Every structure is written in C-alpha cells, then in structure tokens.
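Please read the points below with the sequence and the model open. They are meant as a first walk through the fold.

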Amino acid sequence: MRTTESTTGGLADDRPLLGRTSTAERVADILRTRIAEGYFPPGERLSEDAIGKALGVSRNTLREAFRLLTHERLLVHQLNRGVFVRILAIEDVEDIYRTRCLVECAVVRGLGAPPFPLGGLDKAVADGERAAGRQEWAGVSTANIHFHRELVALAASPRTDELMRGVLAELRLAFHVVADPRRLHEPYLVRNRQILEHLRAGDGAGAERLLAGYLDDSRSQLVEVYARHIEAATRGT
C-alpha cells in the first residue's frame, strides 16, 4: 500500500487555492478533488504531517478537513491507525445508484417547458468524446461525472448540487479500483449524447426514460465488476 508521504509532491501546487485564510472547508475542497481524481486512491492512509506540510496548514485545520470528508463518506478513521481513503462495499455502490436515480430522474422530470440551458451538458458531452478520441479513459470518466453534475444543475438548486457533488465523489471511489476504465465508461458516451439531444428537442419524458435505463445498466455493470474486484482482493489477503 502506498503512503501519503510518497504522493504529496504535487499537492503543494494547490496551496494558491487556499487563499489567505487556510480554512478547513478549502482544505477539504482540495482533498476532495484529489480523492475524486484518484490522486489518493481507496485504502491509502493520509499522513497529517505530509499533507499539512505540502499545503502549509495547521494540524487542527487538517483534522477538521478530515472530519468533514469523513462525514461525506470519503474518508474513514481507524482507531490507532489513522485516516484512510474509504473502500466502498458493494452495498454502498447499490445505494449510490438508488440515490442517483431518485435525484437525477426527478430533476429531468421537473424541468418544465423547454428550451433548457444545455451549455454545460453540451460541453461535458464534447469533452468526453474528445477524450475518447485520444484514448484518455480517465478523461472520459471525468467528463461523464461532469455530465451528470450539469444535468442536476438544471434544477438550479444549490442544495441538490451539493448533495450530488458528494454522491458522485463517493462513486468515483469505486471507479478508481476498476482495472478496465474503457469498458466502464466508453459505452455511455453515446447515451450521454442521446439524453442531450432529447433535451434539446424538448422531450423531457424521453430523456428521463433514457436516463433511468442508463443508470440501471451502469449500476449492474459496476456492481458486477466491483464485486469481482472485492472477491479478488479478499482472496489476496
């Protein structure tokens, strides 16, 4: 297992994001992004000393940031061992998709009359297609997450945006342990565009049907792959 000391070199580049006041919320934002990007993978222990030194923040500020991210289910504290990036259970993945279906489908259902502000969705779809053209599957994954965040943003609800930010960050903990990201993400590029085109045409009901099927298929596929990974990891211990 890697240690945080070996991976914090680039974290110092994030210091300017803290501004003049190194609040725990800002530190949590940086760490949340780094965890979502796979910089700190599931199962990795986070060193207070290494991260605090890289970001130039106090131990108390860092501990508060850890507490916030533990509340968001991205980190877990193990007694006498420290703080680790959380490893999801299969039940967690199932529950994440139940939440996504409830929220995302409700957003599309409640859009009202077209036209809809689709600029963010347009960009996310185009970014994913370009990343696929370059065979950059991590980029496809990121663009796919942005697609769903932009979809939820159509509700113009800061509370819903905040909820989905946490849900999708947690989901990426599962993505990071899958060995074949192309298989996981490439099939949904076309489906993202189909949902976008239905919304562009003002067909919210059709977009919702596509989205519900999409999420169900994605859940089934990820649970199957993730279960195999967990089984293999268990056999290896």
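**Notes on the model**

1. Leaving aside neighbours within four places in sequence, Ser141 is in contact with Arg172, Phe175 and His185, where contact means heavy atoms within 4.5 Å. Ser141 lies in helix 6 and is buried, with a relative accessible area of 6%. Buried means under 20% relative accessible area, exposed over 50%, and partly exposed in between, with a 1.4 Å probe and protein chains only.

2. This is a predicted model, in which local features need pLDDT of at least 70 and side-chain atom pairs count only at pLDDT 80 or more, while totals for chains, interfaces and linings use all residues. Residues are numbered from 1 along each chain as its sequence is written, and side-chain values use heavy atoms, with hydrogens and water left out.

3. The chain has 10 helices and 3 strands, in the order α-β-α-α-β-β-α-α-α-α-α-α-α along the sequence. Helices (H or I, at least four residues) and strands (E, at least two) are DSSP runs, numbered from the N terminus. Of the 237 residues, 45% count as buried. Among contacts between residues at least 6 apart in sequence, 75% join residues at least 24 apart.

4. Which residues of helix 3 are buried? They are Thr61, Leu62, Ala65, Phe66 and Leu69. These residues lie on the same side of helix 3, because they cover an arc of only 140 degrees around the axis; the arc is that of the directions from the helix axis to the C-beta atoms. An α-helix has 3.6 residues a turn, so residues three or four places apart point the same way. The face turned away from the buried side of helix 3 carries the exposed residues Asn60 and His71.

5. The cover over the buried residues of helix 3 includes helix 1 (24-36), strand 1 (45-46), helix 2 (48-55), strand 2 (75-78) and strand 3 (82-85). After helix 3 comes Arg73, with a positive phi near 70 degrees.

6. The whole structure holds 2 cavities of 30 Å³ or more. A cavity is a set of points, on a 1 Å grid over the protein atoms alone, where a 1.4 Å probe fits but cannot get out; lining residues have an atom within 4 Å of a point. Grid points are joined across faces, edges and corners, and a volume is the space filled by probe spheres set on the points. The largest cavity has about 80 Å³ of space. Its lining includes Asn144, Ile145, His148, Phe175 and His185. Helix 6 gives the largest share of that lining, 3 residues.

7. Gly206 is in helix 10 (residues 204-236) and is buried, with a relative accessible area of 3%. Its C-alpha atom is separated by 9.8 Å from that of Val108, 98 residues apart along the chain.

8. Some backbone angles deserve a look. Most residues other than glycine have a negative phi, and most peptide bonds are trans. Asn80, in the loop between strand 2 and strand 3, has a positive phi near 65 degrees and counts as exposed at 76% relative accessibility. Ala156, in the loop between helix 6 and helix 7, has a positive phi near 55 degrees and is exposed at 64% relative accessibility. A cis peptide bond joins Pro114 and Pro115, with omega about 5 degrees; Pro115 lies in the loop between helix 4 and helix 5 (119-133).

Notes
On a 1 Å grid over the protein atoms alone, a cavity is a set of points where a 1.4 Å probe fits but cannot get out, and a pocket is an open set with protein on both sides within 12 Å along at least five of seven lines; lining residues have an atom within 4 Å of a point.
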